[in-house]
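I will go through one structure, strand pairing to begin with, then the ligand shell, then the overall dimensions.

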Amino acid sequence: MENLNLRESHMKLKKGRRVLLFPLPFQGHINPMLQLANILYSRGFSITVIHTDFNSPNSTNYPDFTFHSIRIGLSEEQANQLAWPIGDVIALLTSTNITCAAPFHGALVKLISESSEEEPVACLITDADWHFTQAVADSLHLPRIVLRTTNVCSFLVYEPLPLFHQKGYFPIKDSKAEEEIPEFPPLKAKDLPQVKTQNQEDLFYLVDSMMSSIKASSGLIWNTCRDLEHSDLIKSSELFKVPNFSLGPFYKHFPCTSKSSLLAQDPTSISWLNNQAPRSVLYVSFGSVATITEAELLEIACVMNQLVPITRVVGRRGLANSQQPFLWVVRPNSVENSEWIEVLPDGFHQAVAGKGHIVRWAPQEEVLAHPSTGGFWTHCGLNSTLESMSQGVHMICAPSFGDQLVNARYISDVWRIGIHLEWKMERGEIEKVVKALMVEEEGRKIRERAGALKEKMELCLKPGGSSYEDGQSLVDHILSL
Ligand code: UDP
């Protein structure tokens, strides 16, 4: 049905131009790039997705697109860095920006030379992390537009990176954690987008290369909307001096992230939710890359086990159901030194039977849209954040690294649609926050704000709304290149 709608819209608006897209091979980057592909396809462009032979999207789920694979070309040692959990993302990005250059150049030459006269290649859209692609595109006189898959603020704070480094914020020193960053309220030093790497110079080089390659590009696309990040978007236009387009949340244009999922999504998540009371379930998931320690897994499990006592108190006050269930995604290899949840005590499954359900990977979009879902304990990746916001689901914020830290502060302090756990992964604190979000007055107010924001975001996507209009401007811009 979705394909039919897309195809109908494509045929009606056919542009006779092809767009080449090149996502970074991680779930949180593949999803928004393929969502953007759907948007552009629906507006009449033909689509070719260039992807690495590592973490390739499933092309059979996209019968209307053309796919072209390139070798990621890593040495054995570098390839080992790809084993989950990824040890050093920055080292990996540094390597792949070199190893992909030749195969990518070859792919572009082939795709451009093979493109038909009726359907010439209009432009290339690549993930911002693929900074090497600007030089390749320039050498072939192909305009390149950049997709940045984080929120705007978390990228802008990298601009003064050398200064923040001097101040002891990158990498963060404990003694500096609570210092305010006056240029980026309400961020404190502890909220800056830290990414652990063995060689800090690699991070500086990566950021610098991304920034300059965006400045040399033909435009910058954000998966956000003006209602969420208006002033940051203005700053971005001033900094990069290329046309900026914010047409998010992308996935709301054509919901269906399951098609681009790299892991099989467990359908029992939905059948289990079907048997729960409305808005009663706390959904817990930390995305596709973040990891937790065994000790943290046990702290979470302990609270899950006690959710019944929490709700019993509430039950007496007549505010909630007699049980407060949870749906918990524990991705394989996401618990350090464990394959999955073997570290949980023997009695755990029996103790929570009926109240909780643990899966390896869920159809998250459907879970968040399900009427039984009442809250989301998230690592605050941008896709998860937008998916939650778009359904009016309020959140508990447990960020791990990078832009998640900034998203979390925005969720709790700017948009005020969630509670920050402040990195206190300890049963007493978790229990307090879960209770506040799910059953107390504070949570009710937060949920109300989340509902209001959901409505605002829906308006952004309607004709006359900012994301709708930016979508049209992007189409005109591509045609003008
Ligand atoms: N996701 C999913 N099933 C899960 C957990 C996550 O399909 O069990 C999807 C989720 O819907 C989102 C993406 O994986 O689109 C994760 O992206 P995000 O930016 O939230 O975080 P990242 O994985 O990049 O840290």
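Strand E1, residues 18-22, runs parallel to strand E2, residues 46-52, and four bridges join the two. Strands here are DSSP E runs of at least two residues, helices are H or I runs of at least four, and both are numbered from the N terminus. Two strands count as paired if DSSP finds at least two bridges between them. Within this pair, leucine 20 stands opposite threonine 48 in E2.

This is a predicted model, where local features need pLDDT of at least 70, side-chain atom pairs count only at pLDDT 80 or more, and totals for chains, interfaces and linings use all residues. Residues are numbered from 1 along each chain as its sequence is written.

E1 also pairs with strand E4, residues 121-127, again parallel, through five bridges. Phenylalanine 22 stands opposite threonine 126 in E4. Is E1 buried or exposed? It is mostly covered, with four of its five residues buried. Buried is 20 or more other C-beta atoms within 10 Å of a residue's own, exposed is 12 or fewer, partly exposed is in between, and C-beta atoms are placed from the backbone.

E1, H2 and E2 form a right-handed β-α-β unit. Right-handed means that, with the strands pointing away from the viewer, the path from the first strand over the helix to the second runs clockwise. E9, helix H15 (residues 347-352) and E10 make a right-handed unit as well. Strands E9 (326-329) and E10 (356-359) are parallel, with four bridges; valine 329 has valine 359 as its bridge partner in E10.

Now the ligand. Of the 21 residues around the ligand, those that come nearest are Gly28, Gly287, Ser288, Gly381 and Ser384. The criterion is a C-beta atom, placed from the backbone, within 6 Å. Helices H2 (27-42), H16 (364-369) and H17 (382-390) each give two or more residues to this shell, and H17 has the largest share, with four. By domain, at least three residues come from each of domain 1 (2-158 + 201-248 + 461-480) and domain 3 (263-458); the bounds are from an automatic or database domain assignment.

Last, dimensions. The chain has 21 helices and 13 strands. Buried residues make up 46% of the 481.
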